[in-house]
Amino acid sequence: MQEFDNNKVPIKKLWQVIVASSVGTVIEWYDFYIFGSLSAIISLSFFPKEDPTAAFISTLAAFGAGFVARPFGGVLFGRLGDLIGRKYTFLLTLLLMGGSTFAIAFIPSYERIGLVAPAVLLALRIIQGLALGGEYGGAATYVAEYAPDAERGKYTSYIQTTATLGFFVSILVILATQQLLGDAAFKDWGWRVPFALSGILVVVSYFIRRNMDESPLFSKLKVEGRLSENPLKEAFASKANRRLMLIAMFGAIVGQGVVWHTGQFYAQIFINKILQVDFITTNLIIAASLVVGTPLFVYFGSLSDRVGRKKIMLGGMALAALGYYPLFSWMSTIVAQEGTMVNGAIFLNWTGKLELAFICSLLVTFAAMAYGPIAAFLVELFPTKIRYTSLSIPYHFANGVFGGCAPFVATWLGAVTHSNFAGLFYPIALAALTVIVGVIYLPETKGRALSD
């Protein structure tokens, strides 16, 4: 085959790759995160209503189970991606994610089928987690293998926006559905509509992705007969590769995971459930912060092409570790001063809303710094023939177990200690630990050519 040079890919082709990859990934994140955005409401459909707090924490545990499944999906689909190709693997993950999300819309309630309801819900969340474990590694690898060496941070950062965009789309769909149906109908059955819409979105994305070409770097290895016969074994057999996976995990991804999920998901839970701000205001505040913060993922990804990945990622984690306690305390003060309790929920005046949106925008900024450059960093760290596997395992283990469980752990810590702020010590400690490990061990990968 003709020699492929990623530094000479036409810009039109590169954008086709980015758009096709990103559209599907946004939809997968939408599928994954509508569960979290609706956790307070669906908890009363799938768990006993007698103890709303226990039901909510149980729902967050089911939400967390999807994250715990992600590293297993990384192992399974990472291996497939290195054996059969990037394109076909994340076509499969898209269908699995979409199918399981669509099915959640039709699970009967706890009142109708008892414990079978949460059991089915948990099983579908695990399928979602497995699918997401294969999606991110495929999309990041696919785009990175097309991107020029000097701008890899910029172009892969568009993939980094997809998680936040998926979260944002989930909030918009939820708010629109609630406004259309009314609060009572939405809480009764209307929450199922955002899940059902996933079926349409997935079909559209499937047809977009079906026409994509396979990654040229993967195709080159395949033609030359140099594909890994057992990528999982090779990833762990090499002492040097094992060391890189551990460094990536504890020197970058653990901190990035808790910073992303705390700055967006736990902030939503903190404002709505702990500070008791009404549901619509909470989601509008989070949505506003995502509008402000999403372009920053691309900005920091692009900046990493000039100043390096390591400085920006660790800088975001350090700012989060230092800033979380005062910023969340500030939010509590604002709600106390600018809010009015009406029918069990607090409603804020415009000053309070703007102040909370500003704080949440800062939280998203920390996440953008930690997350924007990380796809380029991880792809540059590992060789092509075992890249999908080597990237997916540490990314999804650290992000799934440590990051994805952050909302559950933080909420649980707050409940058992009866403190509004005890939950913050979990992300603060992990972000700080990652910064220390990263400063000592994390290599700089900016501008590296992608090795075979």
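Student: How do the residues that line the largest cavity divide into nonpolar, polar and charged?

Tutor: A lining is read by sorting its residues into classes. In this predicted model, the lining of the largest cavity has four nonpolar residues, seven polar ones and one that is charged. The residues concerned are Gly36, Ser37, Ser39, Ala40, Phe56, Gln268, Ile269, Asn272, Lys273, Phe279, Thr282 and Asn283, and the space they line has a volume of about 80 Å³.

Student: How many cavities of 30 Å³ or more does the structure hold?

Tutor: The structure holds two of them. The second largest cavity has a volume of about 40 Å³, and its lining consists of Trp29, Tyr33, Ala163, Gln256, Trp260, His261, Tyr371, Tyr395 and Asn399. Two or more of these residues come from each of helix 1, helix 12 and helix 17, with helix 12 giving the most, namely three residues. By class, six residues of this lining are nonpolar and three are polar, while no charged residue takes part.

Student: Let us turn to the open spaces. How much space lies in the largest pocket, and which residues lie nearest its centre?

Tutor: About 790 Å³ of space lies in the largest pocket, and of the 29 residues that line it, Ala40, Ile41, Leu44, Asp183 and Lys187 lie nearest the centre. At least two lining residues come from each of helix 2 (39-46), helix 5 (110-113), helix 8 (183-190), helix 12 (239-274), helix 13 (279-307) and strand 2 (345-348). Helix 2 gives the most, with four residues, and the lining as a whole divides into 13 nonpolar, seven polar and nine charged residues.

Student: What lines the second largest pocket?

Tutor: Its lining is made up of Pro52, Thr53, Phe56, Ile57, Lys273, Ile274, Thr411, Gly414, Ala415, His418, Ser419 and Asn420. Helix 3 (52-84), helix 12 and helix 18 (406-417) are the elements that give two or more residues to it, and helix 3 gives the most, with four. The second largest pocket holds about 260 Å³ of space, and its lining has five nonpolar, six polar and one charged residues.

Student: Now to the charged pairs. What is the general idea, and how many salt bridges does a search of the whole structure find?

Tutor: Side chains of opposite charge can pair when their charged atoms come close. The search of the whole structure finds eight salt bridges. One of them is formed by Arg387 with Glu145, whose closest N and O atoms are 2.8 Å apart. Arg387 lies in helix 17 (residues 387-403) and Glu145 in the loop between helix 6 (116-144) and helix 7 (152-181), so this pair ties together parts that are 242 residues apart in sequence.

Student: Are Arg387 and Glu145 buried or exposed?

Tutor: Both of them are buried.

Student: Which residues do salt bridges with shared partners join into one network?

Tutor: Arg152 and Asp149 meet through their side chains in a salt bridge, at 2.3 Å from N to O, and both residues are buried. Asp305 forms a salt bridge with Arg309, their closest N and O atoms being 2.8 Å apart, and these two residues are buried as well. Through shared partners, salt bridges join Asp149, Arg152, Asp305, Arg309 and Glu380 into one network.

Student: Why is Asp305 called buried?

Tutor: Burial is read from the relative accessible area, and Asp305 counts as buried because its value of 14% is under 20%. Asp305 is found in helix 13, and, leaving aside residues up to four places away in sequence, it touches Ala150, Glu151, Arg152, Gly153, Lys154 and Lys446. The side chain of Asp305 also makes a polar contact with that of Arg309, at 2.8 Å.

Notes. Residues are numbered from 1 along each chain as its sequence is written. This is a predicted model: local features need pLDDT of at least 70, side-chain atom pairs count only at pLDDT 80 or more; totals for chains, interfaces and linings use all residues. Side-chain values use heavy atoms; hydrogens and water are left out. A salt bridge is a side-chain nitrogen of Lys or Arg within 4 Å of a carboxyl oxygen of Asp or Glu. Buried means under 20% relative accessible area, exposed over 50%, partly exposed in between (1.4 Å probe, protein chains only). On a 1 Å grid over the protein atoms alone, a cavity is a set of points where a 1.4 Å probe fits but cannot get out, and a pocket is an open set with protein on both sides within 12 Å along at least five of seven lines; lining residues have an atom within 4 Å of a point. Grid points are joined across faces, edges and corners, and a volume is the space filled by probe spheres set on the points. Ala, Val, Leu, Ile, Met, Phe, Trp, Tyr, Cys and Pro count as nonpolar, Asp, Glu, Lys and Arg as charged, and the others, Gly among them, as polar. A polar contact is a pair of N or O atoms within 3.5 Å; within protein, one must be able to donate a hydrogen and the other to accept it, and residues adjacent in sequence count only if both atoms are side-chain atoms. Contact means heavy atoms within 4.5 Å.
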